[in-house]
Amino acid sequence: MALNDMHAEAVAGIVDRVVTRYRRDPTCMVQILREVQEACDWIPPEAIDRMQALLGVPRTKIEGVAGFYSFFYTQPRGKYRVLFSDNITDRMQGNKAMMDRLCNSLWVERGKVSEDGLVSVGKTACTGMCDQGPAMLVNNYAVAGLTATRIDEIAELIRGKVPLAEWPAEYFRIEDNIRRADILLGSDLKPGDALLAARARAPSDGLMASNMRSWREGLPTGLSGPILMLDEIKRANLRGRGGAGFATARKWQICRDTPLTEGSTRVVVCNADEGEPGTFKDRVLLSRQADTVFEGMTVAARVLGARTGFLYLRGEYRYLLPSLQAVLARRRAQKLLGAGILGCEGFDFDIQIHIGAGAYVCGEESALIESLEGKRGTPRIRPPFPVESGYLGQPTCVNNVETFCAAAHIAIHGGAWWAERGTTESTGTKLHSVSGDCARPGVYEYPFGVSVERVLHDCGARHPQAVQVGGPSGTCLAAAEFGRLLGFEDVPTAGAFMVFDVRRDMFEVTHNFAQFFAHESCGFCTPCRVGTQLVLRRMDKLAIGHGSPFDMQELHALENLLHGTTHCGLGASATHQLRDALHRFGPAFAARSPLQRLAPGFDLDAELAPARRATGRDDPQAHLETLG
Ligand SMILES: Cc1cc2nc3c(=O)[nH]c(=O)nc-3n(C[C@H](O)[C@H](O)[C@H](O)COP(=O)(O)O)c2cc1C
Ligand code: SF4
């Protein structure tokens with residue numbers, strides 16, 4: 001039976017099973033929708049009816065959640081749902097040709113479902129495989145390193161209706177591409193060692209691993225483990241690796257100091273949403289160092305006194321779920337998770353995995369928490385901050401995957417050891433996801449403070465004209481700036497490092513990023529919802545050569561507007577790259593503006609200026625308000 005034609009009774013049976021497994025808990029709505037879709041290929045109205053009855057949640061709310069996430073379908077999308085990664089690096093690697101080839105082979109139009117309802121082919125912003133593009137997702141499973149031959153083979157499998165589980169395993173092989181390892185990627189911690197260290201018994205304690213250098217030796221006994229551990233994080237001057245660089249010890253301290261209400265607990269969340277185009281280092285950490293990530297989360301739980309933990313895994317990394325579940329199961333068996341961890345009474349902590357569903361904004365910590373609670377991923381109004389009131393109103397500490405990894409190493413070796421590396425304000429090492437025009441794309445770990453030039457040399461970049469550091473919301477550097485250093489003092493970064501050589505049109509890069517932000521804006525606040533669309537429209541106009549100096553002025557004005565008026569960091573950083581590119585690569589934009597090149601005697605824009613003033617349309621703020 002084609003699943004799209006599935007009988008209402010069968011759908012109800014699926015929903016019953018899934019909802020029961022999630023204990024009829026509406027806060028698990030996103031996971032319930034995901035699993036129902038995995039079973040039915042889409043989310044049919046009968047499924048929503050059944051969920052409404054079982055969860056006691058209004059239909060409109062369920063539809064609202066399903067409608068928010070781009071990986072959920074409330075209309076049939078085919079038994080095979082193919083989404084090509086459309087990041088700028090995938091474009092550079094020829095994703096369009098691959099997509100056209102598949103569409104032609106399967107007789108399906110881009111963005112549509114084939115007439116027989118078998119397959120749909122569309123685009124998604126970025127799959128986190130920029131080091132091995134072009135890539136795509138088939139029913140949310142990543143297939144990387146696409147070639148024309150592979151596309152033809154896949155078309156054949158789809159035509160033959162071969163179930164995904166029977167496709168050759170090598171299609172789904174994702175390489176780690178570790179090119180340079182330091183502390184985090186180069187050393188495997190023994191599971192439990194960091195926890196033993198964080199427990200801070202006296203050094204003579206039999207539980208201390210004999211080969212472990214104790215940073216607590218000589219400390220007065222009686223100091224409690226969590227406080228000592230927090231001191232070490234402080235001494236390490238560890239700053240969050242998710243982008244903003246907030247001091248980890250300070251975040252943990254505030255969360256720890258927030259009083260609990262009756263029956264509540266503190267919550268530790270690992271942010272593995274990694275949606276910034278060009279970033280994939282967390283994927284590699286979760287593939288190679290999952291134990292260390294979970295250990296770091298458990299160390300945090302010890303410091304905070306948290307009982308609940310979540311790993312928020314981006315939907316594109318669905319393929320990692322079985323291996324991550326296996327690591328969690330082993331850790332439970334080893335008494336490194338669960339009740340009475342390492343035999344410590346009252347040290348109870350466990351971790352659940354929550355899979356995202358294709359919304360970049362859910363990387364923002366308060367939107368992530370909304371999603372964990374089964375809602376649309378709309379960023380919350382702050383204060384209160386998550387450390388005071390987060391998941392279900394409980395004090396919640398959200399940290400990046402790499403931050404937890406670092407915390408586990410600091411637990412063992414101590415803060416001073418960590419701070420010996422890197423620079424004063426940016427201690428330790430940092431992972432960089434290197435992609436684009438270079439011979440050796442992949443993950444590079446360096447002590448903080450490495451120069452852009454050095455990374456370019458190591459990755460085999462030839463004739464680079466620009467590097468985008470930190471993804472579309474980061475900084476675009478031109479060749480004259482390649483001597484600059486990666487770190488909070490100079491060029492901050494969450495990890496993306498995209499290389500563009502002299503053949504590339506930097507306008508195309510900015511256009512791709514404008515499409516990304518216009519698509520990913522959650523629509524909650526007007527400046528971002530409308531502003532990102534206005535930027536995109538101007539860029540579209542320039543792209544087809546219909547631009548004018550007025551469009552350039554408008555882009556500058558929109559850049560200023562978005563910077564200071566949006567509700568969350570997505571809107572605030574949506575025009576960072578535009579600003580940098582206009583400043584550094586102005587000619588690439590001017591080349592798209594034939595009106596400027598022709599220098600017409602009659603300036604239409606100037607002639608229309610009084611009319612624009614009279615109607616308030618020269619004031620972007622007023623204009624936006626009108627539109628909003
Ligand atoms: C739009 C947006 C997307 C974000 N995406 C991520 C992400 O994918 N991973 C991440 O760790 N932080 C992301 N952040 C930052 C988080 O809000 C948060 O600051 C971070 O997870 C805190 O962890 P850290 O202190 O360890 O850096 C994002 C922020 C914004 C505004
Ligand atoms: S800035 Fe954009 S993403 Fe953030 S809340 Fe406003 S509309 Fe949503």
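Student: What order do the strands take in the open sheet?
Tutor: The order is β8-β7-β6-β9, four strands with parallel pairing. Keep in mind that this is a predicted model.

Student: Which strands stand at the edges?
Tutor: β8 (350-355) and β9 (396-400). Each has a single partner strand, so one side of each is left without a neighbour in the sheet.

Student: And the twist, what does it average?
Tutor: From one strand to the next, it averages 20°.

Student: How many bridges join β7 to β8?
Tutor: Six. β7 covers residues 306-313, and the two strands run parallel. Within this pair, T308 stands opposite D350 in β8.

Student: Which strands does helix α13 touch?
Tutor: α13 (residues 290-304) packs on the sheet and touches β6 (266-272), β7, β8 and β9. The direction of α13 makes about 155° with that of β6.

Student: What about α16, which strands does that one touch?
Tutor: Helix α16, residues 401-413, touches β6 and β9 as it packs on the sheet. The direction of α16 makes about 95° with that of β9.

Student: New topic. At what angle do α19 and α20 pack?
Tutor: About 145°, with the axes 9 Å apart. α19 spans residues 506-520 and α20 spans 526-543.

Student: Is the crossing left-handed or right-handed?
Tutor: Left-handed, as α19 passes α20.

Student: Which residues meet there?
Tutor: From α19, they are F507, T510, H511, A514, Q515, F517 and A518. From α20, they are T532, Q533, V535, L536, M539, D540, L542 and A543.

Student: How many of those are nonpolar, polar or charged?
Tutor: The contact of α19 with α20 has nine nonpolar, five polar and one charged residues.

Student: Now α4. Which of its residues are buried?
Tutor: I62, G64, V65, A66 and F68 are the buried ones in α4, which runs over residues 59-68.

Student: What covers them?
Tutor: The cover for the buried residues of α4 includes α2 (29-40) and α3 (45-55).

Student: Last one: where does F172 lie?
Tutor: In the loop between α7 (148-159) and β5 (178-180).

Student: What does F172 touch?
Tutor: Leaving out residues up to four places away in sequence, F172 touches Y141, A142, V143, L164 and W167.

Student: And how many residues apart are F172 and H519 in sequence?
Tutor: They are 347 residues apart in sequence. In space, F172 and H519 are 27 Å apart, C-alpha to C-alpha.

Definitions and conventions
Residues are numbered from 1 along each chain as its sequence is written. Chains are lettered from A and ligands numbered from 1 in the order in which they are written. This is a predicted model: local features need pLDDT of at least 70, side-chain atom pairs count only at pLDDT 80 or more; totals for chains, interfaces and linings use all residues. Side-chain values use heavy atoms; hydrogens and water are left out. Axes are lines fitted to C-alpha atoms, for helices over the stretch in contact, and angles run from 0 to 180 degrees between N-to-C directions. A crossing is left-handed if the near helix is turned anticlockwise from the far one by less than a right angle, and right-handed if clockwise. Contact means heavy atoms within 4.5 Å. Ala, Val, Leu, Ile, Met, Phe, Trp, Tyr, Cys and Pro count as nonpolar, Asp, Glu, Lys and Arg as charged, and the others, Gly among them, as polar. Buried means under 20% relative accessible area, exposed over 50%, partly exposed in between (1.4 Å probe, protein chains only). Two strands pair if DSSP finds at least two bridges between them.
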